[in-house]
Amino acid sequence: MTSTQSFRILIAVTAVFLTFPSLGSAQQSAFQTGNGQTSLYLQGATAATLNFGDSKASFGRYLRFSNRQLVLGYEVFAKASSGVTTLLSSKIKVPEGGGSFVIGWHQKVDLNSPPPASGSTTDQWALLDLGYSRSAFYVSNAAVNPEDAKRYFNRFRFIGVYNRVQGRFAFGLAMGAERRNNLDNLRQITFQTTLLPAPTDGSTSIVKTQSGFLGIYDEYVAAPVYTDIVYLVPKLAAPGFAKTSIAIDGFTRSNIADTNRFADGGLGIFITEKNAPTKVYGGITGSWNGGKAKVAVVASYVF
Amino acid sequence: VVTRTLTFIATVKSKSATAVGLSVNNEVLDLAQDGETWSGQKGVDVGDAALVKFRPKGLDTTAWSVQLDIDCPNGPAKVLSQKGIIGTPGGAGFDQTVNIKPDPCA
């Protein structure tokens, strides 16, 4: 199967999910960092999310039944190579499309115990998130024609997730394995191909450019570990928007594998709908990794 | 007391509940989630009263509403309707006994 064929199949599968959303279900939360990562899988509604930090648009759904412990879900996403989502970032956008399937266990609701007088509840679930995506980009460690530098990358992900909500807190832990590449560590460059050289008596030439990466390209298997602790701040709304609430997300994003090991941490502030804390309108996250700070904006539309 | 089998229809609305549970006379209704609505129905043997148990799950501040009806030929007959907010008194659900008329569809 050629790369083009694979990409067409992926787009077709995505189209089926978007056309028949009731086929599946499970959606990562909009409580996510600039690179679209989260350990919180907060079901409750169909949601579309736009992450400006990573130019990632996603759509997901859950399928749940109150009397069954099985949870099924899906999420499909696409990352843009250009367009409005690139306005807030100078990072080269690598177009990527993919999806994930979620299957899991959800604690059954106990109807025999009396409801707590405080009115607060506890809930928990565990999931397996199986994901695949494909991206295309240009990378080389020498000056070559861009077409010779074009590469495709198949990303596979197998993540185990545990989530618990209790009172005003939501806790998420996700860990597993993911096939990644080292593009983030390579230098961003522009391939420049001269189409029409400057005439001997002039200085203007016509060139074609292509964004890409310079360096030795590598693929490896990472062992990501993500954690989130979300706290709903009582009686606090976004200024000027009384029907909102504020949530704070303290998170870590780490890779504990030998290759490209790192530990990243940060804080996010999110605006949610009042009395619907998982309906996130958007937020801003700040993270740091080895002294390097990163700020990202996340917008979400839940319908 | 005459016992008969009535079909109860439950509709729970919540934008953020992570789970809900509802039973009538300890018969658990399987509620399927479609976006913000969980709904389902089940035939239950009842006499002149029925014990309804409802439990929502989710983060504090999550609002919910539940409506329970009896399926009738001329449209559903209302049994109960309640609202609540998780994290406030009564927000974690309720146990409520409701009276059932001899002919609830009349």
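In this predicted model, Asp129(A) and Arg157(A) form a salt bridge, with their closest N and O atoms 3.1 Å apart; the term stands for a side-chain nitrogen of Lys or Arg within 4 Å of a carboxyl oxygen of Asp or Glu. The pair ties together distant parts of the chain, with Asp129(A) in strand E5 and Arg157(A) in strand E6 (residues 150–166) of chain A, 28 residues apart. Strands here are DSSP runs (E, at least two residues), as helices are (H or I, at least four residues), and both are numbered from the N terminus. Asp129(A) is buried, and Arg157(A) is too; buried is under 20% relative accessible area, exposed is over 50%, and partly exposed is in between (1.4 Å probe, protein chains only).

Another such link joins Arg253(A) to Asp228(A), at 3.2 Å from N to O. Here, too, distant parts of the chain are linked: Arg253(A) belongs to strand E12 (residues 244–255) and Asp228(A) to strand E11 (residues 224–233) of chain A, 25 residues apart. Arg253(A) counts as buried because its relative accessibility is 2%, and Asp228(A) does so because its value is 0%.

Things look otherwise for the salt bridge between Asp258(A) and Arg261(A), again 3.2 Å from N to O. Asp258(A) is exposed, at 73% relative accessibility, and Arg261(A) is exposed as well, at 54%. Salt bridges also form a network made up of Glu273(A), Lys279(A) and Lys15(B). Over all chains, the search of the whole structure turns up 10 salt bridges.

Chain A also carries a nonpolar surface patch of about 500 Å², built from Leu70(A), Phe101(A), Ile103(A), Leu128(A), Leu130(A) and Phe158(A). To join a patch, a residue needs over 30% relative accessible area and no salt bridge; like charges are joined within 9 Å, and nonpolar side chains (Val, Leu, Ile, Met, Phe, Trp, Tyr) within 5 Å. Strand E4 (96–106) and strand E5 (122–140) of chain A are the elements that give two or more residues to this patch. Ile103(A), which sits in strand E4 of chain A, is partly exposed because its relative accessible area is 35%.

Turning to chain B, the secondary structure comes to 0 helices and 9 strands. With a radius of gyration of 14 Å, close to the 13 Å of the globule rule for 106 residues, chain B is as compact as a globular protein of that length; the radius is taken over C-alpha atoms, and the rule is 2.2 Å times the number of residues to the power 0.38. The C-alpha trace of chain B spans about 40 × 25 × 20 Å along its principal axes, and 52% of the 106 residues count as buried.

Within chain B, 4 strands make an open sheet in the order E3-E2-E6-E9, with antiparallel pairing; strands pair if DSSP finds at least two bridges between them. Strand E3 (27–29) and strand E9 (94–99) of chain B stand at the edges with a single partner strand each, so one side of each has no neighbour in the sheet. Strand E2 (residues 19–24) and strand E6 (residues 49–57) of chain B run antiparallel and are joined by 6 bridges. Leu22(B) stands opposite Phe54(B) in E6(B).

Residues are numbered from 1 along each chain as its sequence is written, and chains are lettered from A and ligands numbered from 1 in the order in which they are written. Local features need pLDDT of at least 70 and side-chain atom pairs count only at pLDDT 80 or more, while totals for chains, interfaces and linings use all residues, and side-chain values use heavy atoms, with hydrogens and water left out.

Methods. Areas by Shrake-Rupley, 256 points an atom, 1.4 Å probe, with all protein chains shown as cover.
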